[in-house]
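Here is a short briefing to read alongside the model. Take a look at the sequence and structure first, and then we can walk through some charged pairs and a helix together.

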Amino acid sequence: MECTSLNFKGFQYAQAMLFAIEEINNSTDLLPGISLGYKIYDSCASIARSVKIALALANGNEILSALSDAPCTRPAQVQAIIGEGSSSPCMAIATVIGPFHIPMISHFATCACLSDKTKYPSFLRTIPSDYFQSRALAQLVKHFGWTWVGAIRTNDGYGNNGMAIFTETAQHLGVCLEYSVAFSKTDPPDKIENIIDIIKLSTSKVIVTFLTTTDIIDLVQQLSLRNLTGYQWVGTEGWISDSLTATMDRHHILDGAIGLSIPKAHVSGMREFILDVTPLYSSSKEMFPEFWEKLFNCKFKQSKSSAGNQRECTGHEDLTGVTNSFTDMSLMPIFYNIYKGVYAVAHALHHILSCNKTCNEVQLDPFTILQHIKNIMFKTKEGDDVYFNENGDPAAKYEIINWQSTQHGIVGFVTVGLYDASLPADKQLNVQNKSLNWAKNSQQVPLSVCSEKCPPGTRKVLQKGKPVCCYDCLKCAEGEISNITDSITCVRCHPEFWSNERRDACVKKEAEFLSYEEIMGALLTAASLFGTSITAIVAFTFFRYRKTPIVRANNSELSFLLLFSLTLCFLCSLTFIGRPSEWSCKLRHTAFGITFVLCISCVLGKTIVVLMAFRATLPGSNVMKWFGPAQQRLTVVGFTLIQVIICILWLVISPPFPFKNLKIFKDKIILECALGSAVGFWAVLGYIGLLAMLCFILAFLARKLPDNFNEAKFITFSMLIFCAVWITFIPAYVSSPGKFSVAVEIFAILASSFGLLFFIFIPKCYIILLKPEKNTKKNMMGKGVPK
């Protein structure tokens, strides 16, 4: 447990403490008439040595005590301990002195575990806990978009606890660790080699470290032997602003490193005091020669040093112009922490002594001092507030440091941002991205992700057996979108909307209906108007030749009524074309049903007239008096009235209505007329079918009547076409999607109308216009043509 080497940092820390003590002892405001005494121990970074010293202090030795410059000669008791600088020794010391309530104030021990007051009740510190630093590091990593990082830690309380908090916070922020390894310069070569291989084989380009200065220096040396450069290093206050680490990095392994550092500090007079080493000549005869030889790189005549080729020390060397780790003041924030720790003890003693009593009248005990230290709040001469929270920690503030090379190749620690844990969560981190340098002197932020970001229109799907940062990007399904980057789900569009090709926005579905502008609608419209025109021509022809035998023989009144109903049949098909509306939906089916019944009623009337006329030619028959013109009109009106009643009931109970059909096509809205009551629709069709079948049967029975121009034959053919069309219509209508079902219905209306028109009236028009010689009564009776 003997110290084997000399560390300038320990001297600097001791000098900072002495500066504070002398400043307090020379003050007339703080502890007037009271002098602080001290004793310095070197733990040599040994936990065992630290515990031995702590036990000695607990048994009555002194490290920092309150002594009166009056004749107070009683044995001094330990009032407080300033130190240690590392977390693991602090944990050991705090465990030992905790039961004795001896206050211990550390300037550099950052392990979050030390905030546990049940384990370390007398521990306090003037440096923020790694709980905040770990969270700040995680936020810093997330800020630059690094979701896939490696992690290396010192294998002690500082590294293990700090990395554990970082890992937990990083996971909450969506950052994954590809690897997390513990490193120590005392590790066997095979373990170090394994760590190097892990770094070499990794795909992450960012390495987050919780390492001490000695460990990072040794790790950098190992990496430089294997030429492993180009990684982006993220560091803690343990090394990020350490000039010795920057000096040792001759192969530029750490170029562009970024991390957190204790905010810069300036204490007037401290730098000059630390560099004034002449008092060491009188105060430390044993330590002075070794310190002086290492500081000025010389050798005394009586020295036992084995180093050769060194100039002789005179003891009067000038420190001006000497550049080494002792003259480096980059750790001034840590010196300031020591300064604040000493002042905290002094203010606590000042409150206890109240400056009106002598030390003989006050019984100081460690527990009282500890309670006062926990509750103190004061400002330093530099204007900074000093206080401890319930865990014995100060306010957490960090500077964000970036390693930037100067023109002379020297690393500069440039402040590029701040982190303040006392601010709201969204304002704690403030980084100046424009002023940053990165690995290999790049100006571009390094990319370190396991998987590229999923663009809008895709969603993340985790890769089996890998962390959540490793995923595939799958395109959203039809009808679903994602409009943000790295979406974990796709959102289904509103039923009236559909996803675009990129799946990043919902667009309104195209409304589809049978319109006049499209080819099919235009052709059906043309066919309807053509049928109407032909019907009008036939009606005009019949009216022109209404006194001829062929027109008079075929019941001209029913013929004209039939032509009128056929005109309505052709025109009602137009109500099926165009955007469905409330009135068009009600009109199209009812108009179609009523006009067709009117049409079929006329045909049925003509069929009955033919049959009755044949019966009337038989001897003794008087049947025609029961089916004269009045009865014919009444028959047509009666059959049509039944359909009108059916349609009225349909419209009153559950009428057709415009309907947006979203189910037939995924990417289209079919605008159609819902039937309302399906019973009403099929009742209308059924009634038409019933009359058509009745008409067909009667016409079929009369097809062989002996007239030369047999009306029943033509009615039979027309009804055959009519029934065939509507029988095939039903399956075609049910199976046709969207606007095609409307087209099928229009086609059935037009086809059946044309069938009636052509088979009943065209043969007569042919005789009237082209064969007028046959348009005679004698020919109509079958007597003018030889057999």
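**Salt bridges and a covered helix**

Lys586 is partly exposed, with a relative accessible area of 30% (buried means under 20%, exposed over 50%, partly exposed in between, with a 1.4 Å probe and protein chains only). This is a predicted model, in which local features need pLDDT of at least 70 and side-chain atom pairs count only at pLDDT 80 or more, while totals for chains, interfaces and linings use all residues. Residues are numbered from 1 along each chain as its sequence is written, and side-chain values use heavy atoms, leaving out hydrogens and water.

**Salt bridges**
- The structure holds 16 salt bridges (a side-chain nitrogen of Lys or Arg within 4 Å of a carboxyl oxygen of Asp or Glu).
- Lys586 pairs with Glu582 at 3.7 Å, N to O; the two are four residues apart in helix H17 (residues 582-616), so about one helical turn separates them (helices are DSSP runs of H or I, at least four residues, and strands are runs of E, at least two, numbered from the N terminus).
- Arg125 and Asp393 form a salt bridge, their closest N and O atoms 2.7 Å apart.
- Arg125 lies in strand E5 and Asp393 in the loop between strands E14 and E15, so the pair ties together parts 268 residues apart in sequence.
- Arg125 is buried at 0% relative accessibility, and Asp393 is buried at 3%.

**Helix H12**
- In H12, 21 of the 22 residues are buried.
- Ser354 follows H12 and has a positive phi, near 60°.
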